[in-house]
Amino acid sequence: RQTEKHMHKLPCFWPPDWVVSDKNYALIDDHGNIGLMDYYRPYIYEVHIYFEDRGKEALARLKGMRDWTFQNTDAVLLVGKTPVLEKGAWLLTRLAGFKRVGTIETRFGPMHMSTLNKGEWYDKYEGNRWSEGNNE
């Protein structure tokens, strides 16, 4: 039900078809924030976010989604597409650690392509968290 209000943003997404794959993950909270981890190919997931939250709260949700995915799935690479004209969404993506790898034209307009691999994530986020608690 929570995806219904976002269907106009998801013209190619049909939940009944998407949920039949046990390789896809949907992370949904009580605030109406939706994160979809769409299995692309082995070890690669495409990230889709439809958040009600904005600003710091949205960034915390995206980071939590990113962390959960790397900790609980076989993902080694996350891929995202962000509309070029949505500067706030692109800032959110960058602040969560994604790096732009190019720009593509889609039927929805130009999109920044971005990636985050598990090694970069671990070195920047998880590794630092572990070492901070173990300074001897």
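Is His112 buried or exposed? At 8% relative accessibility, His112 counts as buried, where buried means under 20% relative accessible area, exposed over 50% and partly exposed in between, with a 1.4 Å probe and protein chains only. The model is predicted, so local features need pLDDT of at least 70 and side-chain atom pairs count only at pLDDT 80 or more, while totals for chains, interfaces and linings use all residues. Residues are numbered from 1 along each chain as its sequence is written, and side-chain values use heavy atoms, with hydrogens and water left out.

**The chain as a whole**

- The protein chain has four helices and six strands; helices (H or I, at least four residues) and strands (E, at least two) are DSSP runs, numbered from the N terminus.
- Starting at the N terminus, the order of elements is α-β-β-β-α-β-α-β-β-α.
- The protein chain has 136 residues, of which 38% count as buried.
- Among contacts in the protein chain with a separation of 6 or more, 49% come from residues 24 or more positions apart; contact means heavy atoms within 4.5 Å.

**His112 and its surroundings**

- His112 lies in strand 6, which covers residues 109-117.
- The side chains of His112 and Thr103 make a polar contact at 3.4 Å. Such a contact is a pair of N or O atoms within 3.5 Å; within protein, one must be able to donate a hydrogen and the other to accept it, and residues adjacent in sequence count only if both atoms are side-chain atoms.
- Apart from neighbours within four places in sequence, His112 is in contact with Gly80, Lys81, Thr82, Val84, Trp90, Arg100, Gly102 and Thr103.

**Phe108**

- Phe108 sits in the loop between strand 5 (99-106) and strand 6.
- Phe108 counts as partly exposed, because its relative accessibility is 48%.
- Between Phe108 and Pro83 there are 8.1 Å in space, C-alpha to C-alpha, and the two are 25 residues apart in sequence.

**Helix 2 and helix 3**

- The axes of helix 2 (residues 55-72) and helix 3 (residues 87-95) come within 10 Å and cross at roughly 50°. That makes helix 2 oblique to helix 3; angles under 35 degrees count as roughly parallel, over 145 as roughly antiparallel, 65 to 115 as roughly perpendicular and the rest as oblique. Axes are lines fitted to C-alpha atoms, for helices over the stretch in contact, and angles run from 0 to 180 degrees between N-to-C directions.
- Gly55, Ala58, Leu59, Leu62 and Lys63 of helix 2 meet Leu92, Thr93 and Leu95 of helix 3.
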